[in-house]
Amino acid sequence: MSTTVAAPAALPAAQAPARTGALRAMAPRLVLGLYVLFLLVPIYWLVNMSFKTNLEIASGMTLWPQQPTMENYRRIFTDRSWYSGYINSLKFVGLNMAISLSVALPAAYAFSRYRFLGDKHLFFWLLSNRMAPPAVFALPFFQLYSAVGLFDTPWAVALAHCVFNIPLAVWILEGFMSGVPREIDEMAAIDGWSFPAFFVRVFMPLVAGGIGVAAFFCFMFSWVELLLARTLTTVDAKPIVATMTRTVSAAGMDWGLLAAAGVLTIIPGAIVIWFVRNHIARGFALGRV
Amino acid sequence: MAKPHNDRAWFLVLPVVALVAFSALIPVMTVVNYSVQDTFGNNQFFWNGTAWFQELLDPSTDLGGRFFDALWRTLLFSGLCLLIEIPLGIAVALTLPRQGWGVAVSLVVLALPLLIPWNVVGTIWQVFGRGDIGLLGAGLQALGINYNYAQNAFDAWATVVAMDVWHWTSLVVLLCYAGLRAIPDAYYQAAKIDGAGAWAIFRAIQLPKMQRVLTIAVLLRFMDSFMIYTEPFVVTGGGPGNATTFLSIDLVKIALGQFDLGKAAAMSIVYNLIILTVCWIFFATTTRGQSEAAQ
């Protein structure tokens, strides 16, 4: 039964000739195929370029590498100034995920279960931070973290990214938690669970999907951000995205190296997506479908 | 069922409030502080009242003209992005398979651009669009189109908008897909019995059921396109001339480039207030429409 409604857009109009009917049945696949092609071609071009030598890149267009080389990748994995960028990025992304989730979990529970003084205002204030352009914060952050001695550490970037990741995590988790019936809380209280024990051992497993999705979003927005990460670091904690902005050498742009570095930044994201692929659709709807 | 009132819930939100206050309130107060002061350097500040704001909001001044130019550009950019991404996102979501191996593969491919660091997105399109080494640039030139995003303002705009569509339409698709998945099969069966066509099903069932997720999609896409910095900065650097200098690019130029703290701070505040106001109005009108529909 569900197969007949598998592609609602493809339902043929009443009494349409068989030929246009077949065309209409094909149309959705065509649209999807073209869109996927549109998404993948620019990425393919970057991958293609990362396996080329700069000589080949400069000497003309080729649809695939004529003399494939791993040289660009080898340079990144052997040069400390390059590979430390990846380590630094992963450090602040991990820290940010840990901080955001640990404070957002109890807060989301409070928002989903109770009314309290100023709850709606507080929620909107939190979300308003998600709406603040990072460009606004760049300079004050620089001064703030210099003043407290965190400048050029992963902590500075992790805390700075909390401004937009905590509100988002609260928003997502609140959506998922509201889907858990409140009777469970009441039954646990009657059974004599203390609140912390109930929260960690009963409630958190129930919203595990939501926690995964929130972690995914914290990873995503911290991993992709450049402006704050670049402003708050110089040498020791410089993330890969900032390293990449300096590939101009005396010999001009090092396109092959830049492309290889770019390809390597896509891989962690691709791995993370694979893990959450079953929750991804609901996750992007922030648990509110 | 109404939620119980319990002010002790504040203890649960306290860590979030403390952390966000540290990370957001202190910087915001710094900005407010700068916006009403002027400096001769050496960290000596004096009260300047609302002079920066007056200059900023007066289009005849140098700063004001610059601000309003960037503001219109940013609004146009956000408008174009929403106009293309929302309909395209809905259309693609309708074509996604509902079951089978195609689902996971489509979702992973769709989500891929969202996980690419923003400057790498910029790099991808910078490379892709170049006439000498990029497939898009070379392809268009082979077709006889004189395409050069570094010199031609229209081409720069087309590239930046295409890049944003490439980067973010998938977000709209995933949101709409989640909304579509939540529609019970019974609705479609009823529609089939009534002999409804695809368009009628879309108007009467799918679109209303997607309203919540579409609200989220429009809000997120408006905020993020209005705040865009990294991607156009990497591709065009705000050029050619000032053709793609959006508000945040201009703001970073004034704040970190020229170190004009007062001007930058005043601009930051107005910029932030615009986003807040637009989001609040949109949110208020859509949620009111929803609660009326529910009655």
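**How chain A and chain B meet in a predicted model**

Modeller: In this predicted model, the contact between the two chains draws 88 residues from chain A and 84 residues from chain B. On the side of chain B that touches chain A, helix H1(B) gives the most, with 13 residues. Sorted by class, that side of chain B holds 62 nonpolar, 16 polar and six charged residues.

Colleague: Which residues of the largest nonpolar core touch the most other members?

Modeller: That core has 160 residues, and those touching the most other members are Ala104(A), Ala107(A), Ala169(A), Val170(A), Leu173(A) and Cys176(B). H7(A) supplies the largest share of this core, with 18 residues. Ala104(A), when its neighbours within four places in sequence are left aside, is in contact with Ile166(A), Ala169(A), Val170(A), Leu173(A) and Ala214(A), as well as with Val16(B).

Colleague: What makes helix H8 of chain A lie largely in the open?

Modeller: A residue needs 20 or more other C-beta atoms within 10 Å to be buried. Of the eight residues of H8(A), residues 183-190, the number that are buried is zero, and the helix therefore lies largely in the open. Just after H8(A), Gly192(A) takes a positive phi of about 90°.

Colleague: What makes helix H12 of chain B largely enclosed by the rest of the structure?

Modeller: In H12(B), residues 247-257, eight of the eleven residues are buried, so the helix is largely enclosed by the rest of the structure. Those buried residues are Leu247(B), Ser248(B), Ile249(B), Asp250(B), Leu251(B), Val252(B), Ile254(B) and Ala255(B). Just after H12(B) comes Phe259(B), with a positive phi of about 55°.

Colleague: How do you know whether Thr123(B) counts as buried or exposed?

Modeller: Thr123(B) has 26 C-beta neighbours inside 10 Å. The cut-off for burial is 20 or more, so Thr123(B) counts as buried. This residue sits in helix H5 of chain B, residues 118-129. Apart from neighbours within four places in sequence, Thr123(B) is in contact with Leu258(A) and Gly262(A) of chain A and with Val234(B) of its own chain. The C-alpha atoms of Thr123(B) and Glu231(B) are separated by 8.0 Å, although the two residues are 108 apart along the chain.

Colleague: Why does Asp152(A) count as partly exposed?

Modeller: Asp152(A) has 17 C-beta neighbours inside 10 Å. Burial needs 20 or more and exposure 12 or fewer, so Asp152(A) is placed in between, as partly exposed. Its position is in the loop between H6 (134-147) and H7 of chain A.

Colleague: What is to be noted about the phi of Asp152(A)?

Modeller: Phi of Asp152(A) is near 65°, a positive value in a residue other than glycine. Most residues other than glycine have a negative phi.

Colleague: Which residues make the contact between H3(B) and H10(B)?

Modeller: H3(B), residues 62-95, and H10(B), residues 211-226, pack at an angle of about 145° with their axes 9 Å apart, and H3(B) passes H10(B) in a right-handed crossing. The contact is made by Thr74(B), Phe77(B), Ser78(B), Cys81(B), Leu82(B), Glu85(B), Ile86(B) and Gly89(B) of H3(B), together with Ala217(B), Val218(B), Arg221(B), Phe222(B), Ser225(B) and Phe226(B) of H10(B). By class, this contact has eight nonpolar, four polar and two charged residues.

Colleague: How many helices and strands does chain A have?

Modeller: Chain A has 14 helices and two strands, and 46% of its 289 residues count as buried. Chain B has 13 helices and two strands, with buried residues making up 42% of its 295 residues.

Note on methods. Residues numbered from 1 in each chain as written. Chains lettered and ligands numbered in written order. Predicted model: local features only at pLDDT ≥ 70, side-chain atom pairs only at ≥ 80, totals over all residues. Core = buried A, V, L, I, M, F, W, Y, C linked by C-beta atoms within 7 Å. Helix = DSSP H or I, 4+ residues; strand = E, 2+ residues; numbered from the N terminus. Contact = placed C-beta atoms within 7 Å. Nonpolar A, V, L, I, M, F, W, Y, C, P; charged D, E, K, R; others polar. Axes fitted to C-alpha atoms, helices over the stretch in contact; angles between N-to-C directions. Left-handed = near helix turned anticlockwise from the far one by under 90°.
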